[in-house]
Every structure is written in C-alpha cells, then in structure tokens.
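Please look over the sequence and the structure first.

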Amino acid sequence: MPSSISPSKARKYEIHGTHEGALPPGLRKTASDRPGQAQPVPTRDIPTQPWAKIGAVVFVLVALLLSLWEYEARTWIGLHAGDIDDSPQSWAEQRRLADSAPVAIVGDSRILFDTDLDRFQQLTGIRPIQTAIVGTNARALLASYANDPGFHGLLIVGLADLSYFRPEGVGLGEGYLKAYDKNDKPAQLSGLWIDRWLQRHLAFMDGDYRLSKWAIRFDRGLRPGTDSPYEDVWKLSETVDNRQYYMWDKIETDPFLRTHARHAWNLFKGPPLPPAIARQVVANSAEAVRRIRARGGDVIFIRPPSAPELRKVEDGRLPRAKGWDLLIAGTHAKGIHFDDLPNAQGLVIPEWSHLSRKCATVFTDAYVRRLTQLTPRLHLRADAPPPLTPADCVPRTVAAVPIAHRA
Amino acid sequence: MIFNSLTFIVFFAIVLALHNMPFSWHQKKINLLIASYLFYAAWNPPFVALLWISTVVDWWAAQWMVRAKRERTRRLWMLTSVVVNLGMLGYFKYGGFLMSNFVEIAGSLGILYHPPNWDIVLPVGISFYTFATLSYTLDVYLRRSAPAGSFLNYALFVTFFPHLVAGPIMRPTELVPQFETPRRASTNQLFFGLALLTLGMFQKVVLADGFLAPVVESVYDAHGKIPGMLDSWVATLAFAGQIFCDFAGYSTSAIGVALCLGFAMPDNFRFPYGAVGFSDFWRRWHITLSSWLRDYLYIPLGGNRHGPARTYAALMGTMLLGGLWHGANWTFVVWGGLHGLYLSAERWLRARFKGFTPGRLTLLGLALLTFLLVNVTWVFFRAKTFAGAGTVLTGMSGLAAKPEPLIAAGPMIFALAIVGGLFGTHVAMRNTTLEAVLQRTPALIIGGVWTLMAFAVLVEQGQGNAFIYFAF
C-alpha cells in the first residue's frame, strides 16, 4: 500500500530505542514511513516530566479515592465485603462439579434465591450443586444436562412459568453456556480465585455498581420506546461461596429499592402465551427428561413462590393448568408446586418475585421434605432439624396482615 | 491471559520484580521467555506447541537460507517457512470457513455433502505471531536483514508477551537487537510505562467495554429488531469508538508494559480518526499490519511500479487479503474490499487534481468525510452476516421500514460524547504525538488525569472481556 517516504534529513536524525525528552513532531517515525526496508529498533520518547513524583502522588490519590469509595459503598449504598459476584467462571466451576454430584439444581433466579444449600444439606446430608442462572430460561440448562453424558444424578429444575414457557431465547445465561468450555483454562481459573479473594475484603467490587452501569441511571425514560437503564433490574442479591444466592438485605429494608425492584417486573406483562408454545415446550422438556433418565438420572420440577401481585400477571398469561400441570403430565416427571406445600404459604416476598433470606430457608425446608417423599435418591436424615413454618421467617407485624397483601 | 485481568497484574508484578533482580542478562532473557510461554499457556496450554513449531521451523529455515549456495535452495527454505506458518494459520483460522464454502458450492451444484464436525478451536493471537515470524524468514530471504545471532534472542522475539497475542506486529529487526544488550527501565521509563498502561486500560475497560459496547450491541445484536437512522448511526459511531479504544488500548498497554521492562515497541496507532483520506488513514490505523501488508504483499505484487492497472490490482488484492486476515468471514473481505475501493478512488482523484491544496476548513471537512466513510466499512466489520449489515446500512440511509428506537438516551449521550471527543482529539493531534503534548502539559494536570483514569478503571472493574482483536 502506498506510504509517505520520510525526508532524508529527518531520517538522518532519527533516534532508535528509548529517548529521554519528547521528540519534535515528525521525528518519531513508524513503519509506515519506511516502505520496503528492514525496520529499525522503534523510537520511544519519554516526555520530560518528574514521572516518579507524579506516579507516587497518583498512587496516594488513587488509594485515598478508593478508600473513600469503599466507605461510601459500605455505608451509603449498603454493599458488603464477602458478597462475591456471580460470573460465568464461577458457574462453570459449579457446572463441572455437577457431573459427579448426586443432586444438581438448574433454573432461573427464583430457585437460585429460594434455595438454602445449607438447609438442604442439614436435611439430607447432600449439598446440591447450584447451577441455576438469573434471567435464564431453565429449558436451556435442562437441555445442557440432557446432552451431557457425564451426569447421572437428580436434576432439580426450578422454574418461573413465564420464563420457562417463553417461545425462544436463553436469556442472560447464554454467555455462561457458550463460554463453558473456555472457563476451565488457567487464565480464567486464576482470575476467578484472585477476584474471589479480593471480593471477600472489598465491598465496592460489585458488578451492579460499576461506573458505566451507575452513570447511565440518570436516564429515566428520556427516549420513549427504549428500555431505560433506570427501569432495568438493579442489584437484588448477594452471593457467597458455591453460588449461594440470597436477597440483598437492602431490598428488605429500603422501601425505595424495594419499590424499584417491583417496578422492574413489569417486563412480565404481556398477552397470554399461545397453547402451541406450551405444547412445544412440554415436548422438548419430555425429550430432555427421557435422555437423562435413560442414563440413570432423574428430573424433578419445582415452582417456587411469587407474590399475589405477580402471580396474577403470571396466571393471566399462563394459568397453572395450561403450563405447569401440562408439563408435569407431559414429561411424566414429578413436580412440587408451592401452592401444594402448606409451609410455603404466606412467605415474605419483598419484591414479589424472590423470597426474603429467612423465608428462603423455610421454603427450602418445605420443598426438600417433599422431595424426600418423591424420590428414593434423597432421604431425610435421622438427625434432621425439625420442620420450619412461615412463622419462622415472617415478622409478627407482617404476619398480622392478610396473605394477599403480604409482599 | 489478558492485560485487563487480575491475573495479569500478579503476573506482571512478578515479571517486573524478576527483571529488576541482579540476575545475569542471559538469565533475565530466560525468565522473560518462560514468562511469555506461561502468558500464552494461560489460555490453552497445548497451543504453546504451535509457538514452538513456528519458532523452530523459522529459525532453521533462516539458518539454512543463509548457508544455501543456490538461489533455488534459498527459495525452498523460504517457501517451507511460508507453507508451515500459513498452513497452521489456514487450518486453525480458515479450515471451517473453507469447508463451509466448499459445502455451499457443492450444494449449489446439486452435490450434498455433510462434512464431519471439526470444532476447530482458534489459537489466540495466531494471526499476529504468524505474521511476526514470517517477517523474519522473509526479511532474511529478501536480504533485508541477517538471521538472529542467538536462538534465545529469536525465540524471545517470537514469544515476548507484550506483543505476542495482539501486536503490535513486530519485525525481528525491531526487537532482536534490543535483546542483545542488557535492558532495564529507568525510573522515568518505568513510571511513564505505567502511565501508558493506565491509559490503555482506561480506553479498553471504561470506554470500550463500559460505555460503548452496550450501545453497539443494542443495535448489532438486536435479534430482528429494525433500527432507524439515528440508532444505526449512533451504534456504528459507537463501534468506531469501541474498536479504536479496544485495539489502541491494547497497543498502548503493550507499549507501556514493554517500556516498564526497558524495551521500545513501535506505535500502532497515530490518531487515525484525524486522517484526511484513506492512504493517510492506513498510515495511522494498525500501522504494523498495514506496513507488513505493504512490505510483504503490496510491493511484491508490483506496488506502484508497473502502471496504474497493476497498481490498482495490487491495492485491491492487498486490501481483500487484509480483510480476510481479520476473520474467516466474507463480511471481512467486503470490509477490506471497500477500503481497497476507497484507496483506489483516492489515488485516482489525487492524480486528477494534482495541484489541489486544501485550506484548513476543507481539511476538516475531508477528515470528517473520511471518518464517515470509514464508519460505513465498520458496518461490515461488526455485523456477523450480510443480512445484519444490510439492516444497519438501510437504517443509516434512513430507508428502514417501521424502525424501532433501540438505544436509550443515557447510553446514547455518553457514546456520542466519547466518539465526538475521540474525533476532536484525533483531528487536533494529527500532526503531533502524545509525548510532545505531555512534554508541555503541567505535571499537576498529568497527575490529575492519570488519577482519574486509574480510579475509573478500578471503579469500572471490568468483566475481563477479551480484546476484539484476540479473535483475529
């Protein structure tokens, strides 16, 4: 390709290698100035500045700003050190463990928030591997297990009806699934370990409060017809080891954040789902269940609770009889719907879609006890703690309010 | 590993510490070589074997080339190097592409062929280190340079981690001499190198990944939604900013990292969006690739020495292959082809209006026109399919039927501010260097800007997104 040829005078004074002091413009040549020849050692000129002093001041200032930001994150925003962001690498780590695990969980954010892995283990002696992903259609995850010849255990599929029966699209978990094979490489694993170590000590390292996410939240719908960043789902959860999610305490205590979170579930609104889609979903699910069973595994579906306000929207688009009941009948799999669990009634669902931290333990207790009745793969331990009831998690002031308004 | 990862911070701290310990120069070079292999193996350890093959084959090819007495033997060794390097590149990068094209052509002839699923994993950076090692044997063959005097120096040239996976594409004559004498950064070099590393990370983590990528994705990955004129232009402008900040960010970081170790690496970008015309653009954008293609493809194809027709053919051929270098997809070929057409048109216009000397305002207008036309080519670079490119181009032309608004106002305002700032900066600095500007800037301002950039990088955190050019 054509290129300018450097003037011979400039070439005469050309300097190669590093050079203290900035060169006049035009004297620092690049390969584009020297066509068809061996390129000499490049020139790097160092501007005459007290770089060490500047660097030391920058280091101190950045440390100060970061300390201030960490303080603000803890006091003003309400973030906690030890809240480890979930990530595709973290998910891949658990997914690899699932191959040899007796019980694994897939699904969307509801089963993720609403399952207390410690309680599960206290009751059965088995700690399930949590591989559900927020904002993700559980069908895609079920299919990935069906396609994995290494999995022979019990797969618990937690689902929110409108997510599971949506016509297409994996959702947020698409990237997790696509990058699965890449996330066991040394670079990814070491990054995960260092990141986790840092997050145990620093609160500000929270993906929901990154600069670019935060900065655009001033836009409260300035452009009609677009998804305003303000209306997006903000931080709802905290995560600890083994991808144990639970509700961020600020959602339970801060009325503004709770109202905002509820508002975000407007995305569930829409017309009723056509019956043909439900039939197709059931057929696909039945095939996935058949393949897992053929290898000696099994599948059980679980429908965690949603608040009456949201349930109304969900039932309006896909009533239980046309979704959940069809799925259980069509896959010949066992299922646990929260409607059928007495101890899962009236639980606290602060933002209408996910249980409060305490009530997640109560719901886990209820569904695990039912699981042990449905499958021989799980047994209630002789030293299992006594059953929990809604009274163990619902504050007394709330308990006095009728269930329909309890959210 | 990638520069914008926590693993790299730990890795670099160890390498820097080792490089400043009182080891012999030979030992320090071995340390750098081992570190570079670890840097590469962190992605996919088995692919280090490809680096070894490339290193050993090209080392011996050059050795035998020099010892050969007959021209034919020299050519044979040169061809061996070319075949081995391009063979690996062809298999890993273009194997699937060639097969899918073969299947389509066979299908159009009525022959149904179902090839086995190859599942070829692309070794990261293979296009970069293949071109770097090829330049070694080609320079020796063209008698532009002598072979490296030591295998260690040569192996370190191939694998030196700052340039290994995404350039700048270095020539042996640029780097091997630097390994011949002990190098250690002075205090000024070290801190200026760290400042460049911060600038590169700011471009990548904050601007490219944080603010620009989501805007681009909302249109280019809109899953069937039709963008209108505003959305199509904003997304494409945002991509122009994203790809610059991503790739120039990597190059700036690489230069900074090398400088911290006492090595000089060449400029890869020189304010390209301030270019006036397309030959100017290619002297400023990905300089080490464009000069590589010029020296080893355009000039051997005849360059401008055999009349206009041959020149235009060489130009188009170079740019089409340059497009294909970026990815195994016909969209990249079209991207290269468009640049070839632009360069040809410009060459024709320059010959026709030889005496034309533009004023300042005209120059600004021409820079803006160049920038807008470059943006049209980015559509083919970013869109994964021709249908996708067609949708965005239709939107840009204002002819989209029933378009939907896709980009919210907040992200749009940030994207336009960043891209506007980039364009203005490039135009303002087209005849100078960053170093020259820093030389006359008060230290207080440099410190303040450096602090803000470092703080923004840390608060943005980043998600460890790979650099776009890693896929090439």
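How many residues does the contact take from chain B and from chain A? In this predicted model, the contact takes 77 residues from chain B and 62 residues from chain A. On the side of chain B that touches chain A, helix 19 (residues 443–460) of chain B gives the largest share, 11 residues. That side of chain B consists of 40 nonpolar, 25 polar and 12 charged residues.

Next comes a helix pair within chain B. Helix 14 (residues 330–352) of chain B and helix 15 (residues 360–382) of chain B have axes that come within 7 Å and cross at roughly 160°. Angles over 145 degrees count as roughly antiparallel, so helix 14 of chain B is roughly antiparallel to helix 15 of chain B. The crossing of these two helices is right-handed. The residues that make their contact are listed below.

| Helix | Residues in the contact |
|---|---|
| Helix 14 of chain B | Thr331(B), Phe332(B), Val334(B), Trp335(B), Leu338(B), His339(B), Tyr342(B) |
| Helix 15 of chain B | Leu373(B), Thr377(B), Phe380(B), Phe381(B) |

By type, the residues of this contact are 8 nonpolar, 3 polar and no charged.

Helix 14 of chain B has 23 residues, and from its first C-alpha to its last it reaches 33 Å, close to the 33 Å expected at 1.5 Å a residue. Its buried residues are Trp335(B), Gly336(B), Leu338(B), His339(B), Gly340(B), Tyr342(B) and Leu343(B). The cover over the buried residues of helix 14 of chain B includes helix 11 (278–282), helix 13 (307–326) and helix 15 of chain B.

Key: Residues numbered from 1 in each chain as written. Chains lettered and ligands numbered in written order. Predicted model: local features only at pLDDT ≥ 70, side-chain atom pairs only at ≥ 80, totals over all residues. Contact = placed C-beta atoms within 7 Å. Helix = DSSP H or I, 4+ residues; strand = E, 2+ residues; numbered from the N terminus. Nonpolar A, V, L, I, M, F, W, Y, C, P; charged D, E, K, R; others polar. Axes fitted to C-alpha atoms, helices over the stretch in contact; angles between N-to-C directions. Parallel < 35°, antiparallel > 145°, perpendicular 65-115°, else oblique. Left-handed = near helix turned anticlockwise from the far one by under 90°. Expected span 1.5 Å × (residues − 1). Buried ≥ 20, exposed ≤ 12 C-beta atoms within 10 Å, placed from the backbone.
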